[in-house]
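Dear colleague,

Please find below the structure that I am passing on to you, followed by an account of what was found in it.

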Amino acid sequence: MSVARSLAAFAVFTALLGAARAADLTVSAASSLSNAFRELAPAFEAQNPGTRLLFNFAASDTLLAQIAKGAPVDVFAAADQETMDRAEAQKLLQPGSRRNFAGNDLVLVTPLEGGQAVSGLADLEKPSFKRIALGRPEGVPAGRYAKSALEVAKLWPVVEPKAIYAINVRQALDYAARGEVDAGFVYATDALAQKDKVKIVLLVPTATPIRYPVAAVSGGSKAAEARKFIDYLLSPAGQTVLARHGFRKP
């Protein structure tokens with residue numbers, strides 16, 4: 001994401017937060033978590049009267065940039081360890097609050113209608129695969145996972161010229177769902193969210209397991225509530241919702 005676009009996103013986010021109530025708990029979370037987090041919000045709020053969850057969903061790198069620039073965030077949930085490691089290195093997290101709360105898988109999808117058959121990543125070398133969606137590796141964890149897998153398979157030089165980059169994993173999913181690309185790299189949970197429009201044709205091996213970390217932000221004003229939300233994600237109730245959306249245990 002360009003600096004200008006990141007700053008514009010940050011400005012929109014902070015303007016939104018300007019109208020937030022004092023009791024809001026602001027959670028910045030990876031785009032792939034949007035459906036699951038929205039579903040579990042009512043139960044968490046019912047269990048914690050007076051606290052309302054305010055979500056900000058985007059690519060993990062974008063969220064980290066916003067937090068580093070001073071966005072008033074209480075909880076940060078990322079889609080990869082690398083981004084959270086950088087947050088920790090910048091001392092943006094409350095010490096001892098970081099936990100892994102979910103797991104996921106990287107998959108290759110094609111449009112449900114008219115999609116091509118795939119038996120392995122090497123099929124992406126075929127001329128019939130002209131456009132392949134993935135998150136921009138410089139800013140989207142799913143894109144980094146995809147690029148790494150393609151490099152291991154020695155296919156990145158072939159796929160890179162065909163790449164259609166997305167600002168987050170959900171945009172890559174949308175490209176495939178609308179038939180605007182021949183294939184796309186997304187998380188298994190994203191494919192499940194649009195199973196009526198895309199089909200999983202390949203489980204893509206990754207060098208490291210995909211685990212989602214969450215932590216309370218050091219500058220957050222709701223430290224106690226932030227830890228309650230993290231605990232809820234790891235509780236049986238929270239894990240049940242995450243599992244319903246296709247997430248694995250951490």
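The buried residues of helix α3 are Ser60, Asp61, Thr62, Leu63, Leu64, Gln66 and Ile67. Please bear in mind that this is a predicted model. Helix α3 spans residues 60–68, and because seven of its nine residues are buried, the helix is largely enclosed by the rest of the structure. Glycine 70 follows α3 and has a positive phi, near 105°.

**Strands β1 and β2**

Strand β2, covering residues 52–58, is also described as largely enclosed by the rest of the structure, because six of its seven residues are buried. Strand β1 (residues 24–30) pairs with β2 in the parallel sense, and the pairing runs over seven bridges. Within this pairing, alanine 29 has phenylalanine 57 in β2 as its bridge partner.

**Packing of α2 against α9**

Two packed helices are described by the angle between their axes and the distance between the axes. For helix α2 (residues 34–47) and helix α9 (residues 223–234), the axes come within 11 Å and cross at roughly 120°. The two helices are therefore oblique to one another, and their crossing is right-handed. On the α2 side, the contact involves Phe37, Leu40, Ala43, Phe44 and Gln47; these meet Glu225, Lys228, Phe229, Tyr232 and Leu233 of α9. By class, seven residues of this contact are nonpolar, one is polar and two are charged.

With kind regards

Note on methods:
Residues are numbered from 1 along each chain as its sequence is written. This is a predicted model: local features need pLDDT of at least 70, side-chain atom pairs count only at pLDDT 80 or more; totals for chains, interfaces and linings use all residues. Side-chain values use heavy atoms; hydrogens and water are left out. Axes are lines fitted to C-alpha atoms, for helices over the stretch in contact, and angles run from 0 to 180 degrees between N-to-C directions. Helices (H or I, at least four residues) and strands (E, at least two) are DSSP runs, numbered from the N terminus. Angles under 35 degrees count as roughly parallel, over 145 as roughly antiparallel, 65 to 115 as roughly perpendicular and the rest as oblique. A crossing is left-handed if the near helix is turned anticlockwise from the far one by less than a right angle, and right-handed if clockwise. Contact means heavy atoms within 4.5 Å. Ala, Val, Leu, Ile, Met, Phe, Trp, Tyr, Cys and Pro count as nonpolar, Asp, Glu, Lys and Arg as charged, and the others, Gly among them, as polar. Buried means under 20% relative accessible area, exposed over 50%, partly exposed in between (1.4 Å probe, protein chains only). Two strands pair if DSSP finds at least two bridges between them.
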